[in-house]
Amino acid sequence: TVMNQLYFMWYLLENYDTDPAIRNLVNNQALYFIPVFNPDGFVYNQTQAPNGGGLQRKNRNDSASNSCSTYLDGIDLNRNSAYYWGNGGSTTNPCSDTYMGTGPFSENETQIMRDFFVQYDFELALNHHSYKNAMLHAYAGTNIANPRPDEYSKYNHDMTYYNRYAHGPSTSISSLNSGNMNDWMLGGPAGTSANGTPTGTGSGKETLAWTPENGLLSEQGPTGSGFWPAPSNFLPIAKRAMRMNFLAAYFSGKYGKLHDLNQSDITATSGNLEFGIENLGQKASDFTVTITAVSANITIPGATNSITESFTAAQVLDQRFVSIPYTLDGGIQADDEIEF
């Protein structure tokens, strides 16, 4: 989870000068990276299992658990957020891997993340974890209805198109785990947890948040844990996360897809070329489609060769059809190639 972010950051830096899509992203988007959220647990795993296989997933706050065995001291930081804290899938047992702490945001790490997060208006957030090769999202700690199912569904599909990660709500493809950071970032209606704690409404930001669970058990270190993989597997795991990282960044701003809806053969000497514009970004956007003739046997009238469609921020996932007229040369023959 650390290395895939570092790999992504270096990729942006190393390709900024030569890749216009990356240059456009960096010039127009604010991207924030927190490579290590659990520094004490991270260092403990480095110390105990430098070649992989470490099992420390909690922080190292041992004030309530100083008699636990190796790897079990501390609080599970992904059971410590306020929205539906203590609602199941977590425990009050200090020596359990899912110990939720003494209260919501009881830990320095989760308090710092909370205070940092509310300063900005993040559209999307990825909270990278290990391991499962799955893209999990809200809700994790409750079974209430997700308020933004269409966006989650579309983004899930596109972000996992090549790495083939499983995707969906944590409660559907993983397990109930309350106090989850994704739930708090998205937020929702107030309620009461199973332990009687009022939930609040979360961050108030309505941020689309995911937990990509990176890596497989087969990529484990020598002690048998996919949670802390062998260093030889850092690079392939980091590469699998690249599309998720890129698309999360693009989706958070102005981003659209152009779909060519034309048949490969044109049978009429005049008519319309048909395209679709799909608005996938979270920001208000104007997209312009311009068609220019390349071969001499097709004419695109200059007055109608360009069409602009405007989308508001609320029109994410909207699709528009665009028609641009064309005329073919009167002497064109069957199977002549047309370029535009």
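## Aromatic rings

Rings of Phe, Tyr and Trp, the last represented by its six-membered ring, are taken as a pair if their centres lie within 6.5 Å. In this predicted model, the count by that rule comes to 24 aromatic pairs. The rings of Phe-116 and Tyr-120 have their centres 5.4 Å apart and their planes at 55 degrees, so this pair is tilted. Phe-116 is partly exposed, with a relative accessible area of 22%, and Tyr-120 is also partly exposed, at 29% relative accessibility.

A second tilted pair is formed by Phe-117 and Trp-184, with 5.5 Å from centre to centre and 55 degrees between the planes. Phe-117 belongs to helix H4 (residues 108-117) and Trp-184 to helix H7 (residues 181-186), so the pair ties together parts that are 67 residues apart in sequence. Phe-117 and Trp-184 are both buried.

## Aromatic cluster and charges over rings

One aromatic cluster is made up of Phe-8, Tyr-11, Phe-33, Tyr-152, Tyr-155, Trp-210, Phe-246, Tyr-250, Phe-251 and Tyr-255.

Arg-60 is placed over the face of Tyr-44, at 3.6 Å from the ring centre. Arg-114 lies over the face of Phe-105, at 5.1 Å from the ring centre.

## The mixed sheet

Strands S1, S4, S2 and S3, in that order, form an open sheet of 4 strands with mixed pairing. Strand S1 (124-126) and strand S3 (166-169) stand at the edges, each with a single partner strand, so one side of each has no neighbour in the sheet. From one strand to the next, the twist averages 20 degrees.

Both senses of pairing can be followed from strand S2 (residues 134-137). Towards S3, S2 runs parallel, joined by 4 bridges, and Leu-136 stands opposite Gly-168 in S3.

## Helices on the mixed sheet

Together, S2, H5 and S3 make a right-handed β-α-β unit.

## The antiparallel sheet

A further open sheet of 4 strands has the order S5-S6-S10-S8, and its pairing is antiparallel. Strand S5 (256-260) and S8 are the edge strands, each with a single partner strand, so one side of each is left without a neighbour in the sheet.

Strand S6 (residues 270-279) and S10 are paired in the antiparallel sense over 9 bridges. Gly-271 has Tyr-326 as its bridge partner in S10, and Glu-278 stands opposite Gln-319 in S10. Strand S8 (residues 298-299) is joined to S10 by 2 bridges, again antiparallel, with Ile-298 opposite Leu-328 in S10.

## The two faces of S10

Strand S10 (residues 319-328) has a covered face and an uncovered one. Arg-320, Val-322, Ile-324, Tyr-326 and Leu-328 make up the covered face, whereas Gln-319, Phe-321, Ser-323, Pro-325 and Thr-327 make up the uncovered one. Tyr-326, the partner of Gly-271, and Leu-328, opposite Ile-298, belong to the covered face. Gln-319, opposite Glu-278, belongs to the uncovered face.

## The chain as a whole

The secondary structure of the chain comes to 9 helices and 10 strands. Along its principal axes, the C-alpha trace spans about 90 × 45 × 30 Å. Of the 340 residues, 45% count as buried. Among the contacts in the chain with a separation of 6 or more, 70% are between residues 24 or more positions apart.

Methods
Residues are numbered from 1 along each chain as its sequence is written. This is a predicted model: local features need pLDDT of at least 70, side-chain atom pairs count only at pLDDT 80 or more; totals for chains, interfaces and linings use all residues. Side-chain values use heavy atoms; hydrogens and water are left out. Two strands pair if DSSP finds at least two bridges between them. Axes are lines fitted to C-alpha atoms, for helices over the stretch in contact, and angles run from 0 to 180 degrees between N-to-C directions. Buried means under 20% relative accessible area, exposed over 50%, partly exposed in between (1.4 Å probe, protein chains only). Rings of Phe, Tyr and Trp (its six-membered ring) pair if their centres lie within 6.5 Å; planes under 30 degrees apart count as stacked, over 60 as edge-to-face and the rest as tilted. A charge sits over a ring if NZ of Lys or CZ of Arg is within 6 Å of the ring centre and within 35 degrees of the ring normal. A crossover is right-handed if, with the strands pointing away from the viewer, the path from the first strand over the helix to the second runs clockwise. Contact means heavy atoms within 4.5 Å.
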